[in-house]
Amino acid sequence: TIKVKKATPLAPAWSVEAPASSSGAATAPPPPAAPAPAAAPAAAAPAPSWNTGVYKDNPFGPSKAKSPAPAPSWSTGVYKDNPFGPSAAKAPSPEAVKAGVSSGGLPTKADGPKRGVRCKDEGGDNYKNKCKLALADRIIAESTTILKNERDVLPLSKQTNVALIGKQACTSHPIAQGGGSGWNGFACNEVPKINVADGIAGVTGGAKPSCPAGSGPDNPAATNADVIVAVVTPAKASEGTDRPSLQLDADDVAVIKKYSQLGKKVVVAMTVPGPVITSTWDANVAAIAISWLPGQQDGRGIALALYGEDYEASGRLPFTFPKCSTEQCTQADELASVHLGDKIASGQYLKFEEKALIGYRWYHAQGLQVSYPFGFGLFAYGSATVAYTSVAATFKGDDVEITATLSHSGPRAGRDVPQLYLKFPASIPGDAASKPEWVLKGFTKVLVEPGKPATAGFSLSVRDVSYWDDGPGQSKWVCAQGTFKACVGANARDAILDEAACTTFAPL
């Protein structure tokens, strides 16, 4: 146990001290100002109209005036769906996709930004800037999160015979962005988005993999493929609306089950806007790769992650993937299995009764088994497991420094994302909903090579070890007194289970 000197409680943000003079002494306050002249009589309140006042609710009812609609263009309005039809821009030719560097083609890693040198700002043409597109490729690939990888199917080999299934695999307009403000003025509206079929062709330098027949998700050629990649997405997310379900479309689920139950190596590549229920279909698939509304480089970045080309898929989940209570997972089952699901019909979710028990904190407090916990993601495509040892806390000024040693004996180097979770002392006031047992306090990304231990470090400030006291007359941050427990690990579930990866410290 490391004793840390007591930190002074943080002052409320609105506290003000007298300004200091150049000598360091506090200056005297200025003399009181002369009385202001009597104010003129208040003007009469303006008559209610659409142009006067600020109202919590509209007191006049709907406006009768009709505003002229803006002329249709790619740059006006916020649309749930594209009201103008497909973009008039020409899609890159198959040759350009394959070569990746030909005129009008796709960028390569060499086109990306160099250390210390940013991409050139080209204003309205940034969406065509090869440096920025190469950066987008890297962001998509490295943020892709591998949830499962059995039989080492990933990374794919360029010699592997791949067939595509799923309605998103070869569509000319893949869902690569959200609706609402995510749509308006987005570069995807100006240029074609790259689908996974074209992305794979660009990475392998060969022909496109076979695509689903017609508008459905199935592909007759899949039975003869070495690996089947299912490219799917849940319901489109949009500003101002909720997704109707956290599950995939029934047709996509059916085709995934069809081939995985036949013993085929099925890789599910999902583009998601939030949590997804996978427990109804993931038992027999070989691999699952998650990407996050990638934008116009959509399929290219996903392909780079699937093949491990140039970049490593090293993302981690920023939320929990819940597990449905039944395999059938009816709507009632789904609502009973997810955070706040039982409060949607009644509208109780609007009252924020969960307080601090949000996301992973709620699942932990309820003791619910989940499919993939907050912060989860396989290290180096699942080729090894990182060990977290020699976790220690030291005092540096007013901060607490937490360090951990990371090591593995796998076949390849990889980028790990160690996460720091903190348990506060039991002395903190408040009810259980105000005091989650474990709270994420830091994360970092570290390259860990086989047989070469690496060090991860985290810094906890006074604020990080403080709680908000909302008692009568308080309303301030207070440094908690008692023993803290800090654990470093791979995700919100596993980090707190390994005592060898934890340490304690206490303010004096």
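Reply: Start with contact, which means heavy atoms within 4.5 Å. Among contacts in the chain with a separation of 6 or more, 71% come from residues 24 or more positions apart. This is a predicted model, where local features need pLDDT of at least 70, side-chain atom pairs count only at pLDDT 80 or more, and totals for chains, interfaces and linings use all residues. Residues are numbered from 1 along each chain as its sequence is written, and side-chain values use heavy atoms, with hydrogens and water left out.

Me: How many helices and strands are there, and what makes a run count as one?

Reply: The chain has 7 helices and 19 strands. Both are DSSP runs, numbered from the N terminus: a helix is H or I with at least four residues, a strand is E with at least two.

Me: Why is Ile344 called partly exposed?

Reply: Buried means under 20% relative accessible area, exposed means over 50%, and partly exposed is in between (1.4 Å probe, protein chains only). Ile344 has 45% relative accessibility, so it counts as partly exposed. Its place is in the loop between helix 6 (331-337) and helix 7 (360-366).

Me: Leu340 and Phe352: buried or exposed?

Reply: Leu340 has a relative accessible area of 19%, so it is buried. Phe352 has 60%, so it is exposed.

Me: What is the phi of Leu340, and of Phe352?

Reply: Phi of Leu340 is near 70 degrees, positive in a residue other than glycine. Phe352 is not a glycine either, and its phi is about 55 degrees. Most residues other than glycine have a negative phi, and most peptide bonds are trans.

Me: Which peptide bond is cis?

Reply: The bond joining Leu154 and Pro155 is cis, with omega about -5 degrees. Pro155 sits in the loop between strand 2 (145-149) and strand 3 (162-165).

Me: What makes a nonpolar surface patch, and which residues form one?

Reply: Patch residues have over 30% relative accessible area and no salt bridge; nonpolar side chains (Val, Leu, Ile, Met, Phe, Trp, Tyr) are joined within 5 Å, like charges within 9 Å. A salt bridge would be a side-chain nitrogen of Lys or Arg within 4 Å of a carboxyl oxygen of Asp or Glu. Leu335, Ile344, Tyr349 and Leu350 make a patch of about 350 Å². Accessible areas come from the Shrake-Rupley method with a 1.4 Å probe; for residues, only the protein chains shown count as cover.

Me: How do you know that strand 12 is paired, and with which strands?

Reply: Two strands pair if DSSP finds at least two bridges between them. Strand 12 and strand 13 (residues 439-443) have 4 bridges, antiparallel. Strand 12 and strand 18 (residues 484-489) have 5, also antiparallel. Leu422 stands opposite Val439 in strand 13, and Leu420 opposite Val488 in strand 18.

Me: Why is strand 12 called mostly covered?

Reply: Of the 5 residues of strand 12 (residues 419-423), 4 are buried.

Me: What makes a nonpolar core, and which residues touch the most other members of the largest one?

Reply: A core is a set of buried Ala, Val, Leu, Ile, Met, Phe, Trp, Tyr and Cys residues joined through side-chain atoms within 4.5 Å. The largest has 31 residues; Ile402, Leu406, Leu422, Leu460, Val488 and Phe505 touch the most other members. Strands that each supply at least two residues of this core include strand 12, strand 15 (454-460) and strand 18. Apart from it lies another core of 30 residues, among them Val231, Ala269, Ala289 and Leu304.

Me: Why is Pro453 called exposed, and what is it in contact with?

Reply: Pro453 has 59% relative accessibility, so it counts as exposed. Leaving aside neighbours within four places in sequence, Pro453 is in contact with Thr405, Leu406 and Ser407. Pro453 and Ser407 are 46 residues apart in sequence, yet 4.6 Å apart in space, C-alpha to C-alpha.

Me: How many residues of helix 5 are buried, and what covers them?

Reply: In helix 5 (residues 298-307), 10 of 10 residues are buried. The cover includes helix 2 (130-143), helix 3 (196-204) and strand 4 (227-232). Gly308 follows helix 5, with a positive phi near 60 degrees.
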